[in-house]
Amino acid sequence: MLKVGLTGGIGSGKSTVSQVFINLGVPVFNSDMVARNIVNTNSKAIKKIKSAFGEHLYDSGELDRKALAAIVFTNPDALEQLNSIVHPLVGESFNKWCEKHASAPYIIKEAAILFESGAHQNLDRIITVYTKKEERIRRIMARDNVSAEDVEHRMNNQWTDETRNKLADFIIINDDKDKLLPQVMELHEVLLNIE
Ligand SMILES: CC(C)(COP(=O)(O)OP(=O)(O)OC[C@H]1O[C@@H](n2cnc3c(N)ncnc32)[C@H](O)[C@@H]1O)[C@@H](O)C(=O)NCCC(=O)NCCS
Ligand SMILES: Nc1ncnc2c1ncn2[C@@H]1O[C@H](COP(=O)(O)OP(=O)(O)OP(=O)(O)O)[C@@H](O)[C@H]1O
């Protein structure tokens with residue numbers, strides 16, 4: 001089974017592109033969603049997060065994501081520590097998920113930080129979604145009601161578009177929603193025909 005990575009910086013349109021693949025019947029593993037589940041349900045992860053960043057983060061019974069984001073996205077060491085707690089568990093979950101979808105012609109793993117985390121090494125092809133930085137900031141400010149500074153802090157912890165575009169096998173340009181469908185359809189045919 002061919003394993004394809006789908007990446008792109010914050011707000012590039014990964015989830016929007018994933019939805020098109022899902023509509024085409026392709027199984028998509030959403031790393032952000034799985035990570036979100038892990039930090040609220042995996043007792044080992046919760047214990048480590050509490051001990052690294054403070055018990056108070058779980059005062060409401062669920063992780064205070066805003067408070068943890070404020071800590072890690074302005075402190076690379078703290079982010080590395082969080083990544084080292086969450087990423088191995090996301091990797092395990094992905095491997096199990098792949099077994100369930102072994103009969104699919106190909107599957108997609110969607111992750112914002114596919115290259116940064118090294119996860120691309122276990123994948124056969126990588127797609128990156130490219131949207132200009134200024135436009136990504138505008139989209140996330142509108143979607144999440146956050147400041148440009150908040151978005152930039154996350155961008156500072158991600159590789160640049162230039163690097164992602166250089167390393168990827170395929171680039172989807174997402175400057176116009178109407179142009180996404182034809183690009184994804186074309187790529188779908190290519191991926192179905194890879195031996
Ligand atoms: C710090 C947390 C709690 C903040 O939660 P929040 O709801 O605000 O953001 P969310 O998880 O929805 O992520 C939104 C976007 O932020 C960026 N982002 C998230 N985690 C990271 C990271 N470790 N490094 C760089 N960018 C990141 C991505 O572009 C992502 O799409 C959360 O992002 C987290 O637990 N991150 C660590 C786990 C991780 O790396 N998840 C992402 C893929 S596995
Ligand atoms: N071509 C487009 N034109 C206008 N808005 C778009 C376009 N593509 C995506 N959007 C919007 O931009 C926002 C970000 O898109 P999306 O959630 O797909 O990005 P993402 O890369 O998955 O983001 P994140 O990194 O935060 O998970 C969404 O509100 C989405 O509806």
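The dialogue below walks through the sheet, helices, domains and ligand shells of this predicted model.

User: Before we start, what do I need to know about the model and its numbering?

Analyst: This is a predicted model, in which local features need pLDDT of at least 70 and side-chain atom pairs count only at pLDDT 80 or more, while totals for chains, interfaces and linings use all residues. Residues are numbered from 1 along each chain as its sequence is written, and chains are lettered from A and ligands numbered from 1 in the order in which they are written.

User: How do I read the sheet, and in what order do its strands lie?

Analyst: Strands of a sheet pair through backbone hydrogen bonds, either parallel or antiparallel. Two strands pair here if DSSP finds at least two bridges between them, and the elements themselves are DSSP runs numbered from the N terminus, with helices being H or I of at least four residues and strands being E of at least two. In this structure 5 strands form an open sheet in the order β2-β3-β1-β4-β5, with parallel pairing. The edge strands, each pairing on one side only, are β2 (28–30) and β5 (170–173). From one strand to the next the twist averages 20°, where axes are lines fitted to C-alpha atoms, for helices over the stretch in contact, and angles run from 0 to 180 degrees between N-to-C directions.

User: Which residues stand opposite V4?

Analyst: V4 faces I108 in β3 and R125 in β4. The parallel pairing of β1 with β3 runs over 5 bridges, and that of β1 with β4 over 4 bridges. Further out, β2 pairs with β3 (residues 106–110) in the parallel sense over 3 bridges, and the bridge partner of F29 in β3 is K109.

User: Which strands does helix α9 lie across?

Analyst: Contact between residues means that their C-beta atoms, placed from the backbone, lie within 7 Å. Helix α9 (residues 180–192) lies across β1 (2–7), β3, β4 (125–130) and β5, and runs at about 165° to β5. Helix α2 (residues 31–41), in turn, lies across β2 and β3 at about 45° to β2.

User: How do α2 and α5 cross, left-handed or right-handed?

Analyst: A crossing is left-handed if the near helix is turned anticlockwise from the far one by less than a right angle, and right-handed if clockwise. Here α2 passes α5 in a right-handed crossing. The contact is made by S31, V34, A35, I38 and V39 of α2 together with V86, L89, V90 and S93 of α5. These residues divide into 7 nonpolar, 2 polar and no charged, where Ala, Val, Leu, Ile, Met, Phe, Trp, Tyr, Cys and Pro count as nonpolar, Asp, Glu, Lys and Arg as charged, and the others, Gly among them, as polar. The axes of α2 and α5 (residues 76–100) come within 10 Å and cross at roughly 115°.

User: How is the chain divided into domains?

Analyst: Domain bounds come from an automatic or database domain assignment. That assignment gives domain 1 (1–27 + 106–195) and domain 2 (35–100). Their C-alpha centres lie 22 Å apart, and the contact takes 6 residues from domain 1 and 8 residues from domain 2.

User: Why does ligand 1 lie between the domains?

Analyst: Both domain 1 and domain 2 give residues to the shell around ligand 1, so ligand 1 lies between them. A residue is near a molecule if its C-beta atom, placed from the backbone, lies within 6 Å of it. Ligand 1 is surrounded by 21 residues, of which I10, A35, R65, A69 and A112 are the closest. The elements giving two or more residues to this shell are α2, α4 (65–72) and α5, and the shell divides into 13 nonpolar, 4 polar and 4 charged residues.

Notes: Two residues are in contact if their C-beta atoms, placed from the backbone, lie within 7 Å.
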